[in-house]
Each structure stands twice: as structure tokens, then as C-alpha cells.
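Colleague: I have a structure to go through with you. Could you take my questions as they come?

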Amino acid sequence: MERLQKVIAHAGVTSRRKAEEWIKEGRVKVNGKVVTELGIKVSSNDKVEVNEIPIHREAPVYFLFYKPRGVISSVKDDKGRKVVTDFFPNYDKRIYPVGRLDYDTSGLLLLTNDGEFANLLIHPKHNIDKTYVAKVKGIPTRESLRKLEKGIKLEDGLTAPAKTKLLSVDKKKQTSIVEIVIHEGKNRQVRRMFDAIGHEVLKLKREKFAFLTLQGLRTGEIRELTPHEVKQLRTAAQKSS
Ligand code: URA
């Protein structure tokens with residue numbers, strides 16, 4: 001037996017908080033009857049409807065995917081480009097990515113059918129560290145990297161403090177490899193941060209999401225998260241909020 005709002009959130013319909021609002025507003029039915037009480041628990045045999053639509057209750061699944069470049073972080077694309085779910089050809093559950101990586105960005109992307117878990121991890125108040133390695137044009141000075149660390153003004157606001165590390169420099173080609181750790185998820189954030197200090201990103205890869213790494217995976221490969229990892233991620237999100 002699980003709480004009704006949790007069941008709705010798990011089904012990916014909406015967040016747990018929104019589910020609570022909808023229950024109070026009388027938009028949720030259990031076995032054909034409107035339920036407006038929050039504490040109610042339901043079993044897997046109960047039929048739950050939200051806004052008159054039955055919800056699909058599937059066992060939650062959690063995947064870690066090494067996204068290649070040239071793939072959309074979406075479940076479908078109207079321009080016919082490759083999408084992340086193309087890498088799960090025989091998988092019939094409704095899964096979707098937790099946040100996004102740009103089409104040209106490779107690296108670690110989580111996928112799940114657990115809407116509540118996804119919301120928890122992408123909510124900006126849960127400061128989950130994301131580690132990227134960027135190949136950039138030119139050789140950034142310590143000073144300019146410090147600007148990134150302090151926070152930089154982008155058109156949609158100031159970025160939160162970040163960590164950076166200059167990993168290597170190719171003097172001949174005038175390019176550098178820089179590691180950057182951020183915990184927000186603004187659109188194209190890393191690329192825009194480097195643009196703002198005058199160093200265009202030529203290649204970008206997400207190496208880590210919280211404590212998770214790409215270890216043992218090649219590009220395009222997938223593994224399931226262990227129940228322990230899922231638990232640790234929940235704890236990491238709750239701790240940092
Ligand atoms: N920042 C970017 O610029 N692109 C990504 O894909 C992720 C973070």
C-alpha cells in the first residue's frame with residue numbers, strides 16, 4: 001500500500017505536491033470515486049484516475065546512459081533525429097530523461113519512469129553537483145576561470161558558484177580542457193558560461209552526476225542503477241535542499 005499522491009507522482013503524471021493539490025481539488029478518483037482526503041493509501045489493485053484518465057502504474061526503473069553526441073535528450077523528435085529512447089529498442093515502459101544534455105553534448109544522463117524521482121533531482125533547490133569536461137578555444141587565465149567560479153551574469157540571471165580546474169592545455173592548437181562543476185541546469189549553461197569569458201566550447205561531456213560516473217560504460221551503453229544508488233541519490237537531493 002502506498003500513499004495516493006506518491007502513486008500519482010511515481011506514474012510520472014505530476015509532482016507529489018501537485019498531486020496533493022489535485023486530490024484536494026477533487027480531480028482524482030480511486031475505483032471510480034472522487035477522493036479528496038490526502039492520507040489515503042492505495043494498493044496495486046486499486047484503479048486510480050487523474051483528470052478522468054487512468055494512470056499507468058509500473059514498477060519504477062532507473063537507468064544510467066552514456067549519451068553519445070548527436071542525440072536529442074527527448075523521447076521523440078519531429079525532425080527525425082536520434083533520441084535517447086532509440087537506445088532502448090526492446091523496452092516497452094514509458095521512460096524519459098532526467099533533465100537534458102544538448103544534442104552535441106555527450107555523457108551521463110539518467111532515465112526513469114519515476115516522475116517524482118526525476119522532479120526531485122532536477123529541482124533547482126536540490127543542489128546536485130554535475131561535473132563536465134569542456135574542450136574550449138584558447139587558454140583561459142586563472143582570473144577568467146575565477147569569474148566562472150564566483151558566478152557569471154547570463155541573460156536569465158546570475159549563475160551560482162561553480163568549481164573549475166584547468167586540466168590541460170594544447171599551446172599549438174590553442175585549446176584547453178577544463179573541468180567545471182555546477183549544480184544548476186540552465187539551458188546550455190556551461191556553453192554560455194564559457195562564451196561569457198570568451199572561450200567557446202568545442203566539445204562538452206558530462207562526466208558525473210552527483211557521485212555517479214560513466215565508469216565501465218562506452219558511449220551509447222546503458223546500465224541500471226542499483227537500489228542503493230537510487231537511495232543515495234534521493235539522500236543527496238534531500239540533503240542539499
Ligand atoms: N551545459 C551545456 O551547455 N550543455 C549541456 O548539455 C549541459 C550543460
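Colleague: Which residue in S15 stands opposite Lys135?
Modeller: The model is a predicted one. In it, Lys135 stands opposite Lys203 of S15.

Colleague: How many bridges join S10 to S15, and in which direction do the strands run?
Modeller: S10 and S15 run antiparallel, and 7 bridges join them.

Colleague: And how many bridges join S10 to S14?
Modeller: There are 8 bridges between S10 and S14, residues 175–182, and this pair runs antiparallel. Within the pair, Lys130 stands opposite Ile182 in S14.

Colleague: How many residues of S10 are buried?
Modeller: Of the 8 residues in S10, 6 are buried, which leaves the strand mostly covered.

Colleague: Turning to H5, why is it described as largely enclosed?
Modeller: H5 is largely enclosed by the rest of the structure because 6 of its 8 residues are buried. Those buried residues are Gln189, Val190, Arg191, Arg192, Met193 and Phe194.

Colleague: What covers the buried residues of H5?
Modeller: The cover includes strand S9 (105–112), S10, helix H4 (142–150), strand S11 (153–154), S14 and S15.

Colleague: Which residue with a positive phi follows H5?
Modeller: That is Gly198, with a phi near 80 degrees.

Colleague: A wider view now, please. How is the protein chain divided into domains?
Modeller: The division gives domain 1 (2–54), domain 2 (62–125 + 216–240) and domain 3 (130–209). The contact between domain 1 and domain 2 takes 9 residues from each of them, and their C-alpha centres lie 26 Å apart.

Colleague: How many helices and strands does the chain have?
Modeller: The protein chain has 6 helices and 17 strands. Its C-alpha trace spans about 70 × 35 × 35 Å along the principal axes. Buried residues account for 44% of the 241 residues.

Colleague: What is the lining of the largest pocket by class?
Modeller: It has 12 nonpolar, 9 polar and 8 charged residues.

Colleague: Where does the second largest pocket lie?
Modeller: The second largest pocket lies between domain 1 and domain 2, because both give residues to its lining. About 400 Å³ of space lies in it.

Colleague: Which residues lie nearest its centre?
Modeller: Arg16, Glu116, Asn119, Leu120 and His126 lie nearest the centre of the second largest pocket, which has 13 lining residues.

Colleague: Which element gives the largest share of that lining?
Modeller: H3 does, with 3 residues. Helix H1 (4–10), helix H2 (16–24), H3 and helix H6 (227–239) each supply at least two residues of the lining of the second largest pocket.

Colleague: Lastly, how do the residues of that lining divide by class?
Modeller: The lining of the second largest pocket divides into 1 nonpolar, 6 polar and 6 charged residues.

Notes
Residues numbered from 1 in each chain as written. Predicted model: local features only at pLDDT ≥ 70, side-chain atom pairs only at ≥ 80, totals over all residues. Heavy atoms only, no water. Nonpolar A, V, L, I, M, F, W, Y, C, P; charged D, E, K, R; others polar. 1 Å grid on protein atoms, 1.4 Å probe; cavity = no way out; pocket = protein on both sides within 12 Å on 5 of 7 lines; lining within 4 Å. Points joined across faces, edges and corners; volume = space filled by probe spheres on them. Helix = DSSP H or I, 4+ residues; strand = E, 2+ residues; numbered from the N terminus. Domains from an automatic or database assignment. Buried < 20%, exposed > 50% of the residue type's maximum accessible area, 1.4 Å probe, protein only. Pairing = 2+ DSSP bridges. Contact = heavy atoms within 4.5 Å.
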